[in-house]
Amino acid sequence: TETLSYDDDSVSKRCYLWEKQGSTADVCFTKRSDDATSTDFKVSDFENMLNTVHENIIAGKDTNSYGCNNKWMDNHYAMDSTASASVNDYIVDYIDSTDGLFVYCDTAGFHYMTDPTGWGIQMDMEFTNDPTACSSRRRLQGPNDDHSGPPGMDDDHSGPPGMDDMGPPGMDDDQGPDGFCPCTGMVMCAASGGN
């Protein structure tokens, strides 16, 4: 639900409330022209960087990332909801009808999306179905994942959840003290709208 819409010659601002999920805090976006920033690094530069990272990881162009492990997804806000899956399904409908949103899935399904600025949203809620992007996603096990290690130790998905599925090929413990942050332990990612 839009709670604020403001425009003048130098700024536009929109605020939204995740009302169906029982939220009491607004999420706000403010837009100014690049010349309103006094330095060379503009807000649009940051947004372009975030979206380029998402594009590169989903396309498999980021050779420094294992699968869909996108460190920028650590910079997110979480939407926690105890509402029923059917109440939350409008979010999936929106993703499926909007091109270019980035969707990250873990082994349980849909877990993160981005807003158009590239900022991450952690979806701590239930859905009847995952976005189409989760089913048409690029499944990520890495080109060097040869499954040559012992079961449960090399990304073969035979170990317990959180212990072998998301680290670099031949490694384990993706979420342990020496491993990846669970916020970046996604095994599937895609752009909505078939992009």
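User: Which side chain meets Asp7 in a salt bridge, and at what N to O distance?

Analyst: This is a predicted model, in which local features need pLDDT of at least 70, side-chain atom pairs count only at pLDDT 80 or more, and totals for chains, interfaces and linings use all residues. Residues are numbered from 1 along each chain as its sequence is written, and side-chain values use heavy atoms, with hydrogens and water left out. A salt bridge is a side-chain nitrogen of Lys or Arg within 4 Å of a carboxyl oxygen of Asp or Glu. The partner and distance are Arg14 and 3.0 Å.

User: Which residues do salt bridges that share partners join into one network?

Analyst: By the salt-bridge rule the count is two. Glu2 and Arg14 also meet through their side chains, at 3.9 Å, N to O. The network consists of Glu2, Asp7 and Arg14.

User: Which element gives the most residues to the lining of the largest pocket?

Analyst: A pocket is an open set of points on a 1 Å grid over the protein atoms alone where a 1.4 Å probe fits, with protein on both sides within 12 Å along at least five of seven lines; lining residues have an atom within 4 Å of a point. The largest pocket has 35 lining residues, and Cys28, Phe29, Asp115, Pro116 and Thr117 are the closest to its centre. With six lining residues, the element is β3.

Note on methods:
Helices (H or I, at least four residues) and strands (E, at least two) are DSSP runs, numbered from the N terminus.
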